[in-house]
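Good morning, and thank you for coming.

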Amino acid sequence: MNNETTSSSYGALFALGIFIVASVWLGTQAQRAIKKGSFVTGFFIGNRGLGAWTLALTATVQSGGTFMGFPSLAYSYGWIVALWIGSYMVVPITGFGILAKRMSQLSRRTGAITVPDLLRERFQSPAIGLTASLLIMFFLSFMLVGQFKAGALIIKVAWPSAEKKVETETKPAVNSPANSTPVAAKSAASDLSTSEKDKLQKETAKKEPNTKPQNIDWMFYLGLAIFSVTVVGYTMIGGFLAAVWTDLFQSVMMIIGVAILFALVTWKIGSPEYATNFAMEHLPKPTATSPATANPNNFVYGPGYNPTGREFLPLTFAASYFFVWIFGGLGAPATQVRLMACKDTATIRRSVFLLSVYNFFIYFPILFIAIAGRVIMPDLGKSSDEVVPRMAIWATQEIPLGSLISGLILAAPFGAVMATVSSYMVVIASGVVRDIYQGFLKPKATAQEIRLITNICMVTIGVIAIAANIQPINYLQALVVFCTSGGAASFFMPAMMAAFWRRATAAGVLASMLSGSATTLALLLIGIFGGPSFDQKLGPETAFRSYYFLEMEPVVWGLVVSAICGVVVSLLTAPPPESHVSMLFDKHEPEKAVA
Amino acid sequence: MTNRGHVASPQAELDPVLKSSARESIFVFLVWLIATVYSVSMCYWLGYDNTRPVSYMFGVPLWIFWGVLLPWVVCIVVSWWFAYFYMTDEYLGDQHDTDDLV
């Protein structure tokens, strides 16, 4: 590696540092805004002042999964991942069009500032509030562990010494394409003789970088430490508003970063069609004994490419992802609390359209970048979560101010991860403070005491997430999917019952929450501990997998069980007091208007 | 919980936010259902046979174009229409200071 490359990599780190400083600064500004109102309402729900851009770009599920987990799957299994993520076409309209108005209205009428608050007040049951809080903490913890891994990986890749590794690892596969003009690259690639291609494949196969025993990855742990201190720090300072403001800032950085990277990758490699054909040509040739999924055509077709025979996305499994992302978005407590915090219905309406456009311009470019990653780095193996950060470093290596631009691009995934972590930490901390500390330990706690408990809670979350990442799992998207599915199965039906069904009872909602979460968890435990006989060879190749009954994601069964239990138990128990229900379901006039 | 600044109407009339929200939810569920059935069916029809020659449209595999890309664009248009012509504006209520719950 020459000096120019080394020094330019410091530019990437510098740009990322600026981004981190800007995020912390926003946290301090958020703290000032909180001081204008009451601490609890300000810290946990931002005084219900979210506008359309803020709501649209922060209320849904862009996360480390979007920039690292999802591309990792596309890199490994090919274009089939487009169908896997396809339901995002309706995420904006479902996310804001079903529950937003009622959640927002009910939270105002009850004075609720968290999802457990809302359920507790709606059903007049502290047990529901506590159960909801505990379930939120449980499921979001999985998500946080995955996000901390993603944040650490980005800093690791951006670190100067890490860039050397990127360059080294990409060389054999890149051969001429990475180091020449696009025209020359295409020409060189197509000019490779069959023997040269075979030689290239053999060299690639020989490397097997992830099958060898590895030393301690100090760069990963350094990244983990920097990421943790930053994100825990600014969230402690500014609470919900810090999470939302930085989320908005980071969402803007995401679209800029993705646009730049997409343009650079297209310029350097060519069209998606070219990248796909090139990748397919260089996949190992199947033998007579190879499974059907080892056919290179599976890099384009379903159920996806896999040399070991694992089917990534058979049809029923694909259909179930139209439940995962939709109901996961609707049931996610971090989404629901933002709906509660929105300013008015015009905000909700505009958010539907804004997010529709935003999602389109995020997911398709990332998909292409990941497919192109297969051309540049065909042997990432278990490091495939790093494909987008590595592509950012690679794509900017030979352009003026390249390392600064790579830092700008890396800010996109880093921002997504930081935004997710900060918002989830606020949700977890609010649950601890409202439903455990205030609910059971000290109902008359002062604002200062609440602040102290909140800070302790956030630091504890950070420490646990760091500890859980000492041995990080493969495919962080597995954690994202489990957390999303668990949230959906636990909270979607209760939220629907709270918003639309007068007859719903506290016992019914409790049954709905517990049965939905228990179903999802049981299927996960069967998948993990059931042994080889319960490994159906579906989905990503990771030990953290569920048992997919009838080849469907657990969320489908969780939702079914949750709905049945919620309805049956509600009908079997005494109806709620009509006076209470009337206050939440019937038309009311403001007192001043009546007077 | 107290009735925070609101009094019930003499006749129990359904809340307008509840009514509009329920109406819009039904529409949204239909959009989700149609998108799911169309997308999964189209992808299965065109995208699960690896013996077919690989063909592309606008740089993406043909089955992705018909099964994911095109319906995604249609959903953006539907979302725009829903947001600006179907979903109604309602008064959500006043914000009440939550510290009095402490």
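Let me begin with a definition: two residues are in contact, or touch, when heavy atoms of each lie within 4.5 Å. The model is a predicted one, in which local features need pLDDT of at least 70 and side-chain atom pairs count only at pLDDT 80 or more, whereas totals for chains, interfaces and linings use all residues. Residues are numbered from 1 along each chain as its sequence is written, chains are lettered from A and ligands numbered from 1 in the order in which they are written, and side-chain values use heavy atoms, with hydrogens and water left out.

What does S406(A) touch? Leaving aside residues up to four places away in sequence, its contacts are A12(A), A392(A), I393(A) and T396(A). S406(A) belongs to helix 19 of chain A, residues 402–441. Helices here are DSSP runs of H or I with at least four residues, strands are runs of E with at least two, and both are numbered from the N terminus. S406(A) has a relative accessibility of 2% and therefore counts as buried. Buried means under 20% relative accessible area, exposed means over 50%, and partly exposed lies in between, with a 1.4 Å probe and protein chains only.

We turn to the nonpolar cores. A nonpolar core is a set of buried Ala, Val, Leu, Ile, Met, Phe, Trp, Tyr and Cys residues joined through side-chain atoms within 4.5 Å. The largest one holds 195 residues, and those touching the most other members are V81(A), W84(A), L313(A), W325(A) and M391(A). Helix 9 of chain A, residues 126–158, supplies the largest share of this core, with 18 residues. A second, separate core has 5 residues, among them V433(A) and I450(A).

Next, a pair of helices. Two packed helices are described by the angle between their axes and the distance between the axes. In chain A, the axes of helix 8 (residues 115–123) and helix 24 (residues 578–585) come within 9 Å and cross at roughly 130°. Helix 8 of chain A is therefore oblique to helix 24 of chain A. Axes are lines fitted to C-alpha atoms, for helices over the stretch in contact, and angles run from 0 to 180 degrees between N-to-C directions. Angles under 35 degrees count as roughly parallel, over 145 as roughly antiparallel, 65 to 115 as roughly perpendicular, and the rest as oblique. Helix 8 of chain A contributes E121(A), R122(A) and F123(A) to the contact, and helix 24 of chain A contributes H580(A), L584(A) and F585(A).

Now some backbone details. Q124(A), in the loop between helix 8 and helix 9 of chain A, has a positive phi of about 50° although it is not a glycine. With a relative accessible area of 46%, Q124(A) is partly exposed. In the loop between helix 14 (272–281) and helix 15 (315–331) of chain A we find P303(A), and the peptide bond from G302(A) to P303(A) is cis, with omega near 5°.

Finally, chain B. Which elements does chain B have? There are 2 helices and 3 strands, and along the sequence they follow the pattern β-α-β-β-α. Of its 102 residues, 45% count as buried. F58(B), however, counts as exposed at 70% relative accessibility. F58(B) sits in the loop between strand 2 (56–57) and strand 3 (60–61) of chain B, and its phi is positive, about 50°, although F58(B) is not a glycine.
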